Amino acid sequence: MKIAVCIKRVADMESRFKIATDGSSVDETGLKFDMGDFDGYAVEAALQLNEKEGKGEIVAISLGPDVVQETLRKAMSMGVDRGVQLKADRVPFDGLAIARALAAELQGGGYDLILFGRMAVDSANQSVGPMTAELLGLPCITAASKLEVANGRGTARRELEGAAEILEFPLPAVVTIDEGIARPRYPSLKGIMAAKKKPLEVKPAQLGEAHLTVKGMELPPERTGGRIIGEGPAAVPELVRLLQTEAKVL
Amino acid sequence: MANVFAFAETRGGELRKVALEAVTGARQLADATGGGEVHALLIGAPGIAAKAQALGEHGADAVIVVEHPALELYSPEVAAATAAERIRSGGYRAAIFSASARGKDLAPRVAAKLGVSMASDVTAFQPEGDAIVVRHPAYTGKVITTLVLTGTPAVLTLRPGAVTPAASPRAARVESAAPAIDPGAARVVPKELVQGSNTKLDLGEAPVIVSGGRGLKAPENFRLVEELAAAFGNAAVGATRAVTDEGWRPHSDQIGQTGRLVSPDLYVAAGISGAIQHLAGMRTSKTIVAINKDKEAPIFKVADYGIVGDVLEVLPVLTEAVKKAKGQ
Ligand SMILES: Cc1cc2nc3c(=O)[nH]c(=O)nc-3n(C[C@H](O)[C@H](O)[C@H](O)COP(=O)(O)OP(=O)(O)OC[C@H]3O[C@@H](n4cnc5c(N)ncnc54)[C@H](O)[C@@H]3O)c2cc1C
Ligand SMILES: Nc1ncnc2c1ncn2[C@@H]1O[C@H](COP(=O)(O)O)[C@@H](O)[C@H]1O
């Protein structure tokens, strides 16, 4: 199959974040970056689908400044065939603006399957995948935790709160990937070497006007935890007392 | 004065709590813009109209009911087309969906059909001139953003629990409508709804969550977690990725960066180390209790009350004490 995977470069979520002096962005000094968690699952899902078929092509697409080339190379080192950077000075927060630029690139690309992460862990919009599908007029499944494809049709499972659902759909289609599909592989040394020679195309991103903009960012109040009330079952009565009188949740 | 649209989510023929939250949120927004009407969309198999009254009690002036025998199972394409058509013709200032698994699937489709941007997983909102200003947790909850959404209608998904369903009773007009596309013509075909083990209370709705980690040692020991949850009566069971990876609990029970984001009144972490990816899903809980045999475990840094000890010993004693406190 010809598969596209849209990947976003995001900061390592284990970092201790600081708000930049503009008050509306994260200070990137000293942060590590990689593709988003769910985008990693999407790359892995694409690789496994084509390995099963034994043929096909996988294209990774990332919108952003030149640093996203690193993220595209990472995908190529995992086994993706080529990369496309949609060049933009910065990635807008507005999911529709991103979706429009991705759709312009994907349109007419002849993809059987277009994969996204369920969400980008930085902006947490969870909207770019289904919006791109609508713009392309393609069937769409979001947050698939299982995905099977055979004879031009797909079956996916989606987790709901306390339940799940199974859906069928025809290809070509857009699928956004949840955890549970497959853990992303680590690039091999051979993969890393090969990635350096794979094609990476750079094109301007066709970003429209953004209608969702960031006014401010702040850090949530620190939790003031850290109170150990006792050891073993003997501490239970004190816990129950505190839950009743102090926390008032019992 | 402006009218606001709300999508009323159902499952298995019943309204979900998030449906009442969406209608309440729409009511608040309509009132904040000078008291427009709230119109709720209710989609399902024949008989779903009976749920319209509850929406009226929470502030819906009109309920648009779309009944069809093929809509027993939720169809994303029918829901998106029908909601978009109604929002387009209704001239709404805003359209409110839930940031539930289904709402997060539906709202972006609708927004794209309407050609407008949207704000997701909103915890607070307020009209400001032509814009709506919202709060939206990002970076796994480590950064809170204030976003400005312009364009009409403004499409929002509300984080479950961000709005408390409130009574604002009125006798809602019930209007019936046909699905905007024939369910038989939808490309994406729902095949099955698989009921999970947590059929009673959902993680997003439960005021209390009891979660277990690898410290429980074996899947059968989750009985102790379930018994404590049952003693609270209003509790759901959660888990860490270590546990869902082992297959001790289904993936849908996983709390954290790549699982569910929850914010209950009380979160009990049993045998959980408190990895950053787990904390990302539960750090906004009101009160956190941790039970861990290692007093250096990071979970204690965020816990309001910690007990250092063996979960297998502490849980049964705690369960009995909670039963007693509840007068069972
Ligand atoms: C990209 C990515 C995404 C992730 N997403 C998630 C996510 O969404 N959710 C999530 O939970 N994790 C996630 N993880 C995994 C996370 O990093 C941790 O590995 C996981 O949360 C650990 O689970 P745990 O606390 O059950 O296990 P452990 O870390 O092994 O901790 C077990 C704890 O139990 C205690 N213990 C052992 N025996 C007893 C006993 N008898 N009595 C009392 N205490 C005992 C130990 O002291 C220890 O603290 C993610 C990781 C990555 C890399
Ligand atoms: N700048 C980007 N470049 C490429 N893909 C992106 C970009 N932003 C978002 N995506 C894709 O859209 C998914 C959902 O993003 P979001 O809607 O922002 O949560 C991500 O997991 C990616 O697959």
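A polar side-chain atom of B:Thr240 is placed 2.6 Å from an oxygen atom of ligand 1; a polar contact here is a pair of N or O atoms within 3.5 Å. The model is predicted, with local features requiring pLDDT of at least 70 and side-chain atom pairs counting only at pLDDT 80 or more, while totals for chains, interfaces and linings use all residues. Residues are numbered from 1 along each chain as its sequence is written, chains are lettered from A and ligands numbered from 1 in the order in which they are written, and side-chain values use heavy atoms, leaving out hydrogens and water.

**Exercise 1.** Locate ligand 1 and describe its surroundings.

*Solution.* Begin with the position: ligand 1 lies between chains A and B. Next, take the residues near the ligand (one heavy atom within 4 Å of it); 26 residues surround ligand 1, the closest being B:Lys217, B:Thr240, B:Thr258, B:Ser273 and B:Gln277. Finally, inspect the atom pairs: an N or O atom in the side chain of B:Lys217 is 2.6 Å from a nitrogen atom of the ligand, whereas B:Gln257 places a backbone N or O atom 3.2 Å from a ligand oxygen atom.

**Exercise 2.** Work out the strand order of the seven-stranded open sheet in chain B.

*Solution.* Strands (E, at least two residues) and helices (H or I, at least four) are DSSP runs numbered from the N terminus, and two strands pair if DSSP finds at least two bridges between them. Read across the sheet, the order is S7-S11-S6-S1-S4-S5-S12 in chain B, with parallel pairing. The edges are S7 (118-122) and S12 (173-177) of chain B, each of which pairs on one side only. Within the sheet, S4 (residues 38-44) and S5 (residues 62-67) of chain B are joined in the parallel sense over six bridges, and B:Leu41 has B:Ile64 as its bridge partner in S5(B).

**Exercise 3.** Check the length of H1(B), then decide why it counts as largely enclosed.

*Solution.* For burial, apply the cut-offs of under 20% relative accessible area for buried, over 50% for exposed and partly exposed in between (1.4 Å probe, protein chains only). Because 12 of the 16 residues of H1(B) are buried, the helix is largely enclosed by the rest of the structure. Among the buried residues are B:Val18, B:Glu21 and B:Arg27. Just after H1(B), B:Gly34 adopts a positive phi of about 100°.

Note on methods: Expected span 1.5 Å × (residues − 1). Polar contact = N/O pair within 3.5 Å; in protein donor to acceptor, adjacent residues only side chain to side chain.
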